[in-house]
Amino acid sequence: MWVSAIAPPIRRAISAKSSTYYGIFADPFSLFSLNFHSKDRLFSPNFKRDLSCASEVDDAIFFFRKMVRMRPQPPVFEFTKQLQVIVKMKQYSVALKLFDEMRELGAPVNEYTMNILINCCCLLKRVDIGFAIFGVFFKHGYEPDVTTFTALLKGLFLNGKVAEAEKLFKKLLTLKLCEPNEVTILTVIDGLCKAGHVLAAHDLLLLLEKSIYKPNVKAYNAVINGLCKTGTVDNALELKSKMTDKGISPDVVTYNSMIQGLCDFGRWKEVKDLLNEMVNHKICLTVVTFNILVDSFCKEGNVNEAEDVLKIMKRQNISPNIVTYSALIDGYCLQGKMEKAKEVFDSITGNGLKPCIVTYNSLINGYCKNGKVDEAWRLFLEVSSKGLEHTTVTYSTMIHGLLSQGRNADGWKLFNDMETRQVHPDLFTCNILLEGLCKTHPIAEAFSFLRVMEDKGLSPNIITYGILINGLCKDGKLEDAKKLLNELPSKRLKPDNHIYAIIIGSLCEEGFVDEAKDLLIKMERSGCAPDSMTYNIIIQGLLKKKEFDKAIPFLEEMHKKGFLADASTFSMLINQLQGSKKNDVLLEIMKKVVPKM
C-alpha cells in the first residue's frame, strides 16, 4: 500500500531526535497496510475521556491507544484532535510513533493528519522528511492548504534554509498555491529577522503592504525588533510611523522593542517620549518594559535610577521577576558593590521567587570579576543543592575566575569535571583556557589546544587568534605572529584593532618602528581605523625602549585624532619627564594628550 512509503521517513525523523518517551514503544516501525477512509465511522460510545484534559504524556498515550483499538473506531477528527494534544506537549517523536500505531490498526487519516505529521517533522528540524510526507500524501489526492505550507516554511527556517524558504514563499504568491494568512506572513518575516536577514524582511513587509496580503501588528513588531537589534533604531521609528499611518496600532511589544533599541544607544530623552506616548495611548507598561529600563540603567552604572524604577513598579502593582533582580545584581557587581549585590540576591526568596541559574551566574561572575573567587566557589557549590544545574556559562565564569587568580590546576580540573558531566564547553570557554595556556605554558601547548577545539567542532574566531598572536608576541615569536596575521583573511576573519595593536606594539618594542608605521598604514587602508588603544600601545613600546624622540610623532598624531593617553602611557611620560632635564616639547605634548582632571 502507498502509505508504507511514509514509514521510513518518519522512522528517520524519530531517530533524528528521540523523545524521552520513545523507550516505552515496544514495536519497531513496520510496513503497514493502510485503509484510508473517505467517511468517518461512528464514534464509539465507550470512549468518553477527552484527551485535552490529559496533563501527562503517559496518560495521553494510554488513552490514545485505548481509542485506536475501539470498535467501531472513533471518527478521524477525534484522532487528529488527540494527536494535537501530544504535539502541544512538545512530544513530536511520540506523535509520529502514535501515528504509526494508529495506521497499523487501520485508523482513518485526512489532510489534518498530514499537517500534524509535517509539523512534527519540521519541529524536529527534519524538514526534508516533512517534504517527503507531503509528496506521498499529495500523490494520493490529499490537497495541501495554507497550514501545510506554513509548517514547511517554518521547517525551512528552523533548518537554516533561508533561501529555500524565500523561494517557496514567492512560489505560493506567484503560482497562487494557497492564500497566505497572517500566520504564514509572520512565519516568513520573523524567520528572516531571526536568521539575520532584517533588510530582506523589511523589504518584504513593504512589498506586502502594497498587495492584498496585509501584514498585521505582529509582522511589524518582528521587523521593528530586528531593526532595533541591528542598531538601526531610526529605521524602526520610521516604520512605526508608517504602521500608525496605515491604521495599525502599535502594542506594548512594539514599544518594548523600540525602548530597548533606544536604551542601547543611551537615547534617554526619546525613551521618555515613548513612555509618555504609551501612557497617552493607554498602553500599560509590563514587567518586560520595566526590566528593559532596570537593565539599561544598571549597564550604564546608574543603579540608583534602576532602584527608583523598581519602586515605581511596586507602586503600580507590577511585581519584579527574577529577570529584574538578576539585572540589579549585575548592576551592583559592575560597580564592585558585592555586599549590595548579595543583599539583592538574598531578598529574592523573601519576594516569593527562587533564584535561577542565571541569577547565580550573575553573582558568581561579580565575585570573580572583583577578585573574590572563594565566595564565587561557595556559590558554585551551592547551585546543585538548590536543585539547579550548572550551565556552560556557570562553568566558564568559574574557570575564568580561577585562572585569573593563578589557580590554573583548579581551573583545568573544573574543565575536566565539566566534560565529565557532559556540560559542553563553547568557544568562550575554550578561549578562556587558551588564554590561560598562553600565559603559563609554552605557546606550542596553546596551538595543541587549538586543534582540540577544532576537533570538538568549534570554529576559532577573531578573539581566539588574537589570544594566539598575543601569546606568540609575548614569547618572542614576532615573525610567527605576523605570519598568523596574514593568514586571517584566508580563514574569513578580519583583523581588528586589538590584533593590529599587539603586533604594532611588539614591532616598536623590538625597534622596528618603520615596519610598525607601515603596518599602521596597512591597517587604515583595510578599513580598520587605529583607535586610542593602538596609539597607546605604540607609544608605550617606544618609551620602554627609551625611544622618546620616535614616540613624539605618534603622540602628535594621537592628539590630532582626539585620543588621550591612558594611565600606563601617562605614568611612563611622567617617568620620562622626571628622568630628563627641562623638556618644553614633552610638557607641551603632555598638556595635549593627558586627560584633564
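In this predicted model, Lys210 is exposed, with a relative accessible area of 75%. The residue sits in the loop between α10 (198–209) and α11 (217–229). Lys210 also belongs to a surface patch of positive charge, gathered together with Lys214, Lys242 and Lys246.

The protein holds 32 helices and 0 strands. Of its 597 residues, 48% are buried. The accessible surface comes to about 30400 Å², and carbon and sulfur atoms account for 53% of that area. Among contacts between residues at least 6 apart in sequence, 63% join residues at least 24 apart.

Salt bridges number 20. One of them pairs Glu479 with Lys482, with 2.9 Å between the closest N and O atoms. Both residues lie in helix α26 (residues 478–487), 3 residues apart, or about one turn of the helix. Glu479 counts as exposed, at 55% relative accessibility. Lys482 has a relative accessible area of 17% and is therefore buried, the cut-off being under 20%.

Glu547 and Lys550 form another salt bridge, their closest N and O atoms 3.9 Å apart. Glu547 is partly exposed at 27% relative accessible area, and Lys550 is partly exposed at 37%.

A further bridge joins the side chains of Lys592 and Glu556, at 3.7 Å from N to O. This pair links distant parts of the chain: Lys592 lies in helix α32 (residues 584–593) and Glu556 in helix α30 (residues 548–560), 36 residues apart. Lys592 is partly exposed, at 29% relative accessibility. Glu556 is also partly exposed, at 29%. Elsewhere, salt bridges link Asp234, Arg267 and Glu270 in a network.

Notes:
Residues are numbered from 1 along each chain as its sequence is written. This is a predicted model: local features need pLDDT of at least 70, side-chain atom pairs count only at pLDDT 80 or more; totals for chains, interfaces and linings use all residues. Side-chain values use heavy atoms; hydrogens and water are left out. Patches are made of residues with over 30% relative accessible area and no salt bridge: like charges are joined within 9 Å, nonpolar side chains (Val, Leu, Ile, Met, Phe, Trp, Tyr) within 5 Å. Accessible areas come from the Shrake-Rupley method with a 1.4 Å probe; for residues, only the protein chains shown count as cover. A salt bridge is a side-chain nitrogen of Lys or Arg within 4 Å of a carboxyl oxygen of Asp or Glu. Lys and Arg count as positive and Asp and Glu as negative; His and the chain ends are not counted. The place of a charge is taken as NZ of Lys, CZ of Arg, CG of Asp or CD of Glu. Helices (H or I, at least four residues) and strands (E, at least two) are DSSP runs, numbered from the N terminus. Buried means under 20% relative accessible area, exposed over 50%, partly exposed in between (1.4 Å probe, protein chains only). Contact means heavy atoms within 4.5 Å.
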